Amino acid sequence: MKFSISREALLRPLTLVAGVVERRQTLPVLSNVLLSVDEHELSLTGTDLEVELVGRTVPDSVELPGSATVPARKLMDICKSLPEGSVISVTVEDSRAIVRAGRSRFTLSTLPVAEFPNIDEGQSKAEITLTRGTVKHLIDATSFAMAQQDVRYYLNGMLIDLSDQLVRAVATDGHRLAMCAKSAEFALETPTKMILPRKGVIELSRLLDDSDEPLTLIIGDNHLRARTGNYTFTSKLVDGKFPDYERVVPKNGDKQFMADRAELRQVLSRTAILSNEKYRGVRLNLEEGTLRVTANNPDQEEAEEIVSVEYSGAPLEIGFNVGYLVDVLSVLGTEQVQMTLSDPNSSALMEATGGSDALYVVMPMRL
């Protein structure tokens, strides 16, 4: 195998593909990226057996088509460290890859291509096309609420719920829930639900932007494949039953206040400085026209902030993990936020004032 390519043409696909590759692998070949070049195209493949990403780019010239696996991180670090505008030539001979650029020369070890695994796709049962912007918005609005390393493995991911003309993303870690729905033009014979693992969500998000470029989703029994531009992304799905998210959304809240989102976020962030480091609890005292936010910690330190809100109901005192509230206020893109409560032991509903395509549920804390 022998080809040359500009640094810029190689760096973006290599960076995305290397993101899939885990640093510590049980199989040595999994820390490598598979390079395959023919007369017109160079494809790069990275996988950790759960998620696979293939990126394609155009080389400047190809002397000898072929394929090889080379250490992903080292090749990426070499590319990053070279000056802009460099032309990189890659030659593979005798299980060594020689990378040259200008006066620089690097020799990398390779592993046999035959050892590089393929994700088994199985049967695909449906195919739909959305825009990159739609899927990016759904992920950005909800992904922060995914669990991390929860024993309830089905929470360590995101539910994608597809019904006719509507795509919904839901994430929860058992203490809070984020849900966002967008209408889209696609036809689906039967409604489909699937749980995309946490890493799959993060890597898919890196491929997306706010554009109207098409993103084709190919849905199988145990995998999801996404194609957009020069990239093909494949992820195994989590086999499990996601909680019934419709039941979690509180319906009977009779106390509703509205506040300036940015101001409330700053108030909560400042108060959080003196909250208990382990539990991160803050107390919200809601009265007519004002919200008093207080926090204290085992060192007897206290913080108190008062913020004006639109509210004209009975007083209420309720505790929350301040991080959960700040996370929601960080992803809401509106000037005003609306919070609906009922009593100190019931979940709160947060959303943009007047409603929007996203809903957030946060469980209270006993302080």
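This is a predicted model: local features need pLDDT of at least 70, side-chain atom pairs count only at pLDDT 80 or more; totals for chains, interfaces and linings use all residues.
**Exercise 1.** Find what R261 touches beyond four places in sequence. Which backbone oxygen lies 2.6 Å from its side chain?

*Solution.* 
- List the contacts. They are L329, S330, L332, G333, T334, E335, Q336 and V337.
- Check the chain separation. R261 and V331 are 70 residues apart along the chain, yet their C-alpha atoms are separated by 10 Å.
- Look for the polar atom pair. The backbone oxygen of T334 sits 2.6 Å from a polar side-chain atom of R261.

**Exercise 2.** Describe helix α6: its span, the contact at its start and its buried residues.

*Solution.* 
- Take the span. The twelve residues of α6 reach 16 Å from first C-alpha to last, close to the expected 16 Å.
- Inspect the start. A side-chain oxygen of D260 comes within 3.2 Å of the backbone nitrogen of A262.
- Collect the buried set: R261, L264, V267, L268, T271 and A272.
- The buried residues of α6 fall within an arc of 130 degrees, so they line one face.
- Recall the helix geometry. With 3.6 residues a turn, residues three or four places apart in an α-helix point the same way.
- Identify the packing partners. The buried residues of α6 pack against β18, β19, β20, β21, α7 and β23.

Technical notes
Residues are numbered from 1 along each chain as its sequence is written. Side-chain values use heavy atoms; hydrogens and water are left out. Contact means heavy atoms within 4.5 Å. A polar contact is a pair of N or O atoms within 3.5 Å; within protein, one must be able to donate a hydrogen and the other to accept it, and residues adjacent in sequence count only if both atoms are side-chain atoms. Helices (H or I, at least four residues) and strands (E, at least two) are DSSP runs, numbered from the N terminus. The expected span of a helix is 1.5 Å times one less than its number of residues. Buried means under 20% relative accessible area, exposed over 50%, partly exposed in between (1.4 Å probe, protein chains only). The arc is that of the directions from the helix axis to the C-beta atoms.
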